[in-house]
Amino acid sequence: MSAGAAPPRTIRFDDVWKSFGDKAVLCGMSLEIRPGEVMCIIGTSGVGKSVAIKLLIGLLRADRGEIRWGDLRLDSMSEPEMIPVRKRIGMVFQNATLFDSLSLAENVALPLRVHKGMRMREALAEARTRLDQVGMAEFAGRRPAELSDGMRKRAAIARTLTLDPEVVLFDEPTTGLDPVSARRIDRLIAKLSDDVGVTSIVVSHDLTTIFTIADRIAFLYQGRVHVCGTPAELRSSVDPVVQQFITGQSSGEMETPGF
Amino acid sequence: MTGARRAALRSPIETLGATAMQVAREAGGITLLAGRVLRCLVPPSMDGRELTRNMYRMGNRSVPIVALTAFFVGGIMVIQAGMYVRQFNATGLVGWGAGYAIFREIGPVLIALMFSGRVGSNNTAELGTMTVTEGTMTVTEQLDGLRALAIDPIRYLIVPRVVAMMVMLFILTVVGDLVSIAGGMLFSRLLIGIDPSTFYYSLVDNLDWIDFVHGLVKSAVFGLSIALTSCYFGVSVRGGAVGVGRAVNAAVVAAAVSIMLLDFFLTFLLP
Amino acid sequence: MSEDRPATGPRQRIERLGAAALDGLAATGQLAGMLGATWRGVVRGRRPPGEVANQMFVVGNKSLLFVAVTLGFIGMVMVYQSCLQLERITGDLSRIGPEFLKLLVQDFGPTITALMLATRVGAGIAAEIGSMVVTEQVDALRMSGVTPIDYLIAPRFIACVVMGAVLTVFGVAIAYLAGGLTAWSSFDLNPRLFFDPSRVGFLDLCLGLTKTLCYGMAIPVISGACGLRARGGSEGVGAATTAAVIGSSLAVIALDLVISGVGLLLVGHGR
């Protein structure tokens with residue numbers, strides 16, 4: 001566990017802009033995420049939700065604006081400077097991104113070997129413990145290709161947690177999963193926040209997940225945070241766009257890119 | 001496809017210029033990659049397990065193809081020599097002629113080309129599939145996954161592959177050279193009726209260790225070139241399945257050109 | 001998963017070798033069938049208007065510089081190495097030029113050009129067709145009543161045979177010129193002695209032509225077959241491209257061996 005835990009830090013997006021070519025994905029996004037909370041970012045597909053969290057750990061670079069974590073300016077850090085940050089902010093990708101050539105245990109052991117200097121045997125033992133915490137201990141020796149999406153996601157979460165991060169980013173954790181697996185993942189995320197105090201930012205368009213686990217919800221629309229508040233506040237919002245999204249109507253005020 | 005037609009209407013000078021700029025850009029990118037790889041080699045620090053895993057895989061995949069090619073090439077060399085043997089009755093020269101050509105030129109170059117086609121393109125496709133971030137059924141983002149874990153993809157993924165490819169090509173060239181000679185011995189017995197011992201002594205009496213080493217030095221350089229080009233094109237993939245196909249194509253072509261170019265320079269530079 | 005049988009052990013290895021050989025035979029049979037189907041497609045099939053011309057442009061234009069560079073360097077290297085050796089033995093370089101041209105026309109010109117085309121064009125064909133397969137465009141074609149072989153492979157077949165021949169002639173010329181330049185600049189060999197076509201006979205031209213045509217047919221058929229068999233997103237395209245490069249290259253070398261062998265036997269019996 002983290003020795004001498006650092007004081008909890010707020011994450012801030014300040015007027016962040018990001019375009020790909022002539023397609024503007026984020027147009028002045030501003031958002032504050034409080035330490036220890038579960039913040040869900042929702043919005044229609046292709047609206048930049050995943051982009052926002054990738055900006056946080058420097059997998060993409062913002063065109064304009066500031067991204068802060070406590071006093072640290074994340075948006076202007078170079079790649080080597082980001083390395084310690086990435087050990088404190090973990091990310092679980094949409095496709096789990098486990099390494100195909102390694103077993104689950106070897107996958108989870110990798111950060112342990114590289115960052116904590118553990119030898120293979122130690123690391124594998126620790127990995128099995130971690131996998132047990134997400135209920136995947138019996139599959140420790142299997143390859144990712146042999147498992148279902150839900151199982152891979154859980155293993156990926158175990159891997160991300162090996163470095164005991166303060167913040168965990170989840171990119172569409174339940175999208176494409178069957179309801180049982182999805183609810184399992186929801187419980188894992190909630191447990192992280194309740195038991196360990198991890199700050200979670202969850203990008204999703206799965207309404208069940210969002211309304212189950214979110215402390216606050218940020219609704220991203222046209223590149224900006226259109227509305228931000230607790231689940232209750234959003235449910236009772238009179239904004240037509242929010243209402244359309246929550247009730248899942250296919251026509252209405254909301255402009256959806258593409259269709 | 002009309003894009004290709006439109007491109008044809010550009011003047012040849014423009015096309016040449018565009019090609020030159022693209023080649024320069026790629027060469028620059030490959031050099032940068034080489035620099036980063038080198039920094040991880042001095043002092044040597046890479047993931048040992050990845051290194052052995054890659055070496056095993058690459059060797060496993062390419063031994064059959066290299067052995068087959070080398071065997072056929074031995075036969076071709078002997079057939080070409082055969083026409084002169086009949087003319088000049090120069091049976092004593094076949095072993096030497098075939099050995100000289102194989103050790104110094106044909107062996108390293110052809111085995112490198114085959115290696116590039118088998119292992120190089122496979123490597124590019126693998127790295128490309130890991131890099132792809134949009135557009136197809138399997139989006140894996142494994143490269144980003146590594147970065148998100150604060151692990152340097154170069155040190156963990158690329159350097160072991162580069163080292164593995166260099167070492168494997170070296171070993172394969174040695175093996176391939178020997179298989180070629182064996183093939184040459186067999187075919188010269190079957191097609192021209194030359195005794196294997198004549199072949200053998202002709203080779204051993206006239207060739208020197210330096211001829212063998214000349215070829216091996218070439219293969220080490222080729223290995224480095226193939227490794228760097230295949231990794232570079234693999235991680236620069238843009239655009240899904242189509243992008244991966246194009247990257248493999250570009251990688252194999254670039255490797256072939258660089259092999260020919262390096263062969264040219266090394267032939268003159270080495271003794 | 002059920003417990004694995006031990007994968008090592010001589011019996012399993014022989015089993016795998018046998019299976020591989022059977023696979024190889026099956027594959028060759030399938031390819032022969034594909035060749036037949038392609039011929040029928042060429043003669044009677046429907047294809048998009050202008051596609052043949054388009055493909056010829058793609059093959060020819062894109063490969064021109066590539067063939068020029070590679071064949072040029074190869075020519076220089078071969079002449080250099082040969083002169084070096086010949087000087088050691090006889091000191092008489094007067095016959096290098098004519099013999100080199102004979103070798104170029106009858107073997108190395110077509111074969112090296114074809115190997116380069118296998119990487120350049122073969123990979124391109126497999127990548128293109130492979131991407132179309134995994135993005136289900138080929139299924140869409142089939143459902144509108146068009147056979148992929150007629151529509152996709154036949155035009156590329158014609159293009160490869162024709163442009164392959166053109167590029168081979170071009171390659172031979174470049175290699176010969178480059179070789180002559182090297183002989184002149186490094187060994188002071190009189191160009192008039194070098195550029196002498198007297199040793200090229202009818203059989204040489206026939207062999208060269210046969211090889212060129214066979215290679216030109218093999219490359220698109222094999223690459224197209226690999227492309228059509230692509231499965232599974234980017235990985236599938238990468239695998240198809242790799243298979244195409246290796247398959248085409250191996251086919252070229254195997255055909256070289258066979259045709260050269262036939263040539264040797266004819267020479268033996270002719271004289």
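Mentor: Let's begin with a definition: two residues are in contact if their C-beta atoms, placed from the backbone, lie within 7 Å. Of the 2 pairs of chains in contact, chains B and C share the most contacts. This is a predicted model, where local features need pLDDT of at least 70 and side-chain atom pairs count only at pLDDT 80 or more, while totals for chains, interfaces and linings use all residues. As for labels, residues are numbered from 1 along each chain as its sequence is written, and chains are lettered from A and ligands numbered from 1 in the order in which they are written.

Trainee: OK, how many residues does each chain put into the contact of chains B and C?

Mentor: Chain C brings 50 residues and chain B brings 50 residues. On the chain C side, helix 2, helix 3 and helix 8 (233-270) each supply at least two residues, and helix 8 gives the most, with 21 residues. Helices here are DSSP runs (H or I, at least four residues; strands are E, at least two), numbered from the N terminus.

Trainee: What makes a residue on that side nonpolar, polar or charged?

Mentor: Just its type: Ala, Val, Leu, Ile, Met, Phe, Trp, Tyr, Cys and Pro count as nonpolar, Asp, Glu, Lys and Arg as charged, and the others, Gly among them, as polar. By that scheme the side of chain C that touches chain B has 26 nonpolar, 19 polar and 5 charged residues.

Trainee: And what about chain A, which residues numbers go into its contact with chain B?

Mentor: That contact takes 14 residues from chain A and 12 residues from chain B. Helix 5 (residues 142-148) of chain B gives the largest share of the chain B side, 5 residues. By class, the chain B side has 5 nonpolar, 3 polar and 4 charged residues. Chain A and chain C have no contact joining them, and their closest C-alpha atoms lie 10 Å apart.

Trainee: Why are helix 9 of chain B and helix 2 of chain C called roughly parallel?

Mentor: Helix 9 (residues 240-269) of chain B and helix 2 (residues 51-89) of chain C pack at about 25 degrees, with their axes 9 Å apart. Axes are lines fitted to C-alpha atoms, for helices over the stretch in contact, and angles run from 0 to 180 degrees between N-to-C directions. Angles under 35 degrees count as roughly parallel, over 145 as roughly antiparallel, 65 to 115 as roughly perpendicular and the rest as oblique. So helix 9 of chain B comes out roughly parallel to helix 2 of chain C.

Trainee: Then why is the pair of helix 2 and helix 3 in chain C called oblique?

Mentor: Their angle is about 140 degrees, again with axes 9 Å apart. That value falls among the rest, so helix 2 and helix 3 of chain C are oblique to each other. The contact includes K62(C), S63(C) and F66(C) of helix 2 and R120(C) of helix 3.

Trainee: What makes L110(B) count as buried?

Mentor: L110(B) has 25 C-beta neighbours inside 10 Å, so it counts as buried. L110(B) is found in helix 4 (residues 91-131) of chain B, and it touches T69(B) and V73(B), not counting residues up to four places away in sequence. Across chain B, 54% of the 271 residues count as buried.

Trainee: What makes a set of residues a nonpolar core?

Mentor: The set must be buried Ala, Val, Leu, Ile, Met, Phe, Trp, Tyr and Cys residues joined through C-beta atoms within 7 Å. The largest one here has 233 residues, and those with the most contacts inside it are L131(A), V162(B) and M165(B). Helix 3 (residues 96-134) of chain C gives the most to this core, with 21 residues. As for V162(B), it touches V37(B), A227(B), L228(B) and C231(B), not counting residues up to four places away in sequence.

Conventions. Buried ≥ 20, exposed ≤ 12 C-beta atoms within 10 Å, placed from the backbone.
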